[in-house]
Amino acid sequence: MTTAFPLRTLFEQLRKAGFRLTIDQYHFAVEALTLSIADGLDPTNIDAVKHLCQTVWVKSPEEQRGFEHCWQALIPKNPDQIPATRLINSGKIPPTPLIKGGLEENTQLENTDNLDNNNLDQPEEYVIFETRDLQVGTAVSVIAQEGYYFPVSRQQLREGWESFKLQRPKTFFKEIDIPATVEQITKDGFFIKPIFASTKKIEIPPKVLLLIDQKGSMAPFHPLCRHWVNLWSGATVYYFHNCPTDSLYLDPQLRKGKDIETVLTQFSPNNTVALIMSDAGAAKQRSVPDRWDETVEFLNLLTDTVSRVAWLNPLPRDRWLDTTAEDIAKIDPKQVPMFALTPSEYTKMLRWLRWGDSFSQKNSNSPFSKETNSSSPLCKGGWGGSLNWDFDATSRINSFTQEYGNSHLNLACHAAFPLTLTPDLLYRLWKQFLVPNDPKLPWYAVADILLSDLCQPVEEELIELYEIETDIRNQLLIKLKDQEGEQRLEELSSFMIEYLKKQLKPQLPHWLKSLYERQQWVALAYTDQQDKAVQELANILKQAYLDNNKAELVQWSELAETLSPVLPDQYQPLLIAAKGYAAQARGIRRETENAQREWEQHLGEEEIATLAGVELAKPGSALGRIPLKTFSFETVTVNNRGEIIKRETKQARYFTEDLGNGVTLDMVYIPGGTFLMGSLETEKDSYDDERPQHQVTVPPFFMAKYPITQAQWKAVANWPKIQRDLDPDCSNFKEDPPQPPLERGASEDDRSPPSQGGARGGSHRPVENVQWYDAVEFCARLLQRTGRNYCLPSEAQWEYACRAGTQTPFYFGETITSDLANYRGTETYAEEPKGKYRGETTPVGEFPPNAFGLYDLHGNVWEWCADPWHENYEKAPTGGKVWDEENDNDNRYQIYSVENLVNLLNRNDIRVIRGGSWDDNPRNCRSANRDRGRTVGTGTTDFVLSPPRLRGLFSPLLFSTLALYPLFFTLSERSEL
């Protein structure tokens, strides 16, 4: 049975007996008793409580006798007779009822008129609230008394709020600037008036925004929230449920909603702090992935609006494990730290909100300063002990050293080498490395380290696994290297490798085996086997990024950060990629962009870095989000006589889109780069509309390996309509002509090219008789089916993809032959001999590709681009985008959504066509050649056989790497957390 002690009643009886006690002395006794209990005082020991009260309240022998009299009258000889209620709750006097107008006349507390500002506040254990329980058609006012039983006292809440109040000076008298006054007297020869010192500026504390989670798992904590709102009465309060998505509410019943962005615009980002009160799912011990995503989005918005954010979780940290709370706490602990409701963490939370990382004891306006508020329990350690700002790694290491000494610190430095610690492992490190040189270091130093602020449990404490935070770990390892040298790190590495060999057994649980494997990688990183460690880590990161496994991305990226001090510069891309992947997983846009800039500084425009044989994609690149395969192919280069002077084997990356019924679409990765678009006047048979030649920088994208085949067109044409019907059988040239086996062309790992009977289904001829509007509808259907932003290429993208790094008239070289492309081969361009004129389209893939692995860009069929026609390149854009001045500021050419599709289909512009066709002369098949294409044909036959420069057919498709994950970038669009 818990023995209760009626402290309030004793206080009142002593006042009746003539003791001159004030409310401050009552609160002082409460505080002293609370701190004593925290330090180990047994609250059921009545004699100990009596001694404490005597020390605080008794000041003379006469008062001692009066105290004994009141004590004996109040406390029975048998303590078990005291009612089993809360400590400090009055067992004799019932709580004072409240009526409108104040206390009842028949109140138990006497002499209230004489107490003035020393009047007793409501007792700690009871606070009276008036709440409204709104029913249908009526409002009932309910007066309720709620007990206060939370680990942070009301007094601590009051004092915490004081730090957010405007601290006015105790006196408004002006101070005389004595040196300046004396100097003025010296100049004038007599005293006229004093010179006053400049008035000290009053620090304006930040405004406080309280965001309180209501209902559901927070229902048990509603009383705490009401106390908080009552005591922090100057704060602006809004409510929400689980996570704010659209609205914040003015009332706890969540009926009076306001738009989130409208609410947040009321606050100054430079002088507002926000406190979120929510269990984040910990109370129900569950993890909700959707809530994590919603929270990231909300915190992005909030951190853009206020200067600092803190999250107060009413549950202790061990209850956060394996819940959404644990995940949310890791989103960005330096921007939005989550605190548990304990006195010490409450203190840290106040420091963070009020002063942030810049907090210092020298801040004269801080209530934590001994100089300005020496009587506050804050300065006596009453809110968590030391005044050191132990939120950062350096201060925590310094505090540990002050408490335990350098020998313990040396052991802690050794303990930092493993990623995770068990008591057994730390004992072995102590015995192996510390005892020989420091035999006086006791064995229980192991426990001191594991239970200190340097370590924290990884899982349930029964598992006996601990870890040291990354920042602390890195600092300790630097100290170890400075003190013991690199040889000690090598010794620790060898020790860990041998230790882990014994620990890694087949029957281990998967998670424990994974931990040991990570330990082994870290150990290898300190040896000459760094490549192996990097290879394993890069493979894991690559797969996690491909799967968009956010939890693993954060976890493995932290491991990469751990290895950063020992990895040489050649592995810097691994660390950059890991940092960027983690930032993307957390939804922190600014950190993601910083990682991208770092990548570009090291690797330029490269989207892939190869590390120990593993390819890692640049953060944000589509290459890391799509499982890419590689195919090999042969390119040829010819001279002006059409003779092959060079053959090269190249490789390209691609992925395959399944269109159903055995029909597939291969999309080839086109790396970004800069090229010269257009032609010079010196290029043979060039046109004026190809000038001025200008430099264009094109971001990476994917483009179809071949022109769209009739089989591919038919597959998509049979999908549900979005805006236009598509004729699945629109082409003029139908059946595949018989072809002899060809040795030339691509050689893929899993199938032969289309012209050699590759498994692609249906006709391999390119589709023709396709209007521009039909091409746009085709892309929109692909977008709707796959979620990838398929669209027509811009004119700049098309020419960049066609040239593939060349500046010659054709990507084959100085000329073209009918062995290399399907065009009017009976006409020549340079000194090559005449060739064939086939008079029809040919199956795709029959002729050699360019250096990007793309086929049939010269001849065969004209290919649509997205751009409206321009007569020349004057004022053309240089970023590779579609050139359309009327729609320069929207994304209708990037995302063929229904709305954008309607806008595009309502236009009647002439559009650009590229590449030439089977019926064109060589001049019109050049890389730089461009022509007008009518968006609507005049009939099937006429449209196909109209003059060559009006041939309108369908292009290869592309989608932008940036458009691959629009939802992800919406989430991190606003700010880091």
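Trp161, Phe164, Trp228, Trp232 and Tyr346 are tied into a cluster by ring pairs. Rings of Phe, Tyr and Trp (its six-membered ring) pair if their centres lie within 6.5 Å; planes under 30 degrees apart count as stacked, over 60 as edge-to-face and the rest as tilted. This is a predicted model, where local features need pLDDT of at least 70, side-chain atom pairs count only at pLDDT 80 or more, and totals for chains, interfaces and linings use all residues. Residues are numbered from 1 along each chain as its sequence is written, and side-chain values use heavy atoms, with hydrogens and water left out.

**The whole protein**

- The protein has 29 helices and 27 strands; helices (H or I, at least four residues) and strands (E, at least two) are DSSP runs, numbered from the N terminus.
- Of the 977 residues, 51% are buried (under 20% relative accessible area; exposed is over 50%, partly exposed in between, with a 1.4 Å probe and protein chains only).
- Take the contacts (heavy atoms within 4.5 Å) between residues at least 6 apart in sequence: 71% of them join residues at least 24 apart.

**A mostly covered helix**

- Helix 8 (residues 222-231) has seven of its 10 residues buried.
- Those buried in helix 8 are His222, Pro223, Leu224, Cys225, His227, Trp228 and Leu231.

- Phenylalanine 433 is buried at 8% relative accessible area, and phenylalanine 495 is buried at 17%.
- Tryptophan 443 and tyrosine 444 also form an edge-to-face pair, 5.8 Å centre to centre with 80 degrees between the planes.
- Tryptophan 443 is exposed, with a relative accessible area of 51%, while tyrosine 444 is partly exposed at 44%.
- As for where tryptophan 443 sits, look in the loop between helix 15 (423-434) and helix 16 (445-450).

**Charges over rings**

- Arginine 625 lies over the face of tyrosine 545, 3.9 Å from the ring centre; the rule is NZ of Lys or CZ of Arg within 6 Å of the ring centre and within 35 degrees of the ring normal.
- Lysine 705 has its charged end over the ring of tyrosine 654, 5.4 Å from the centre.
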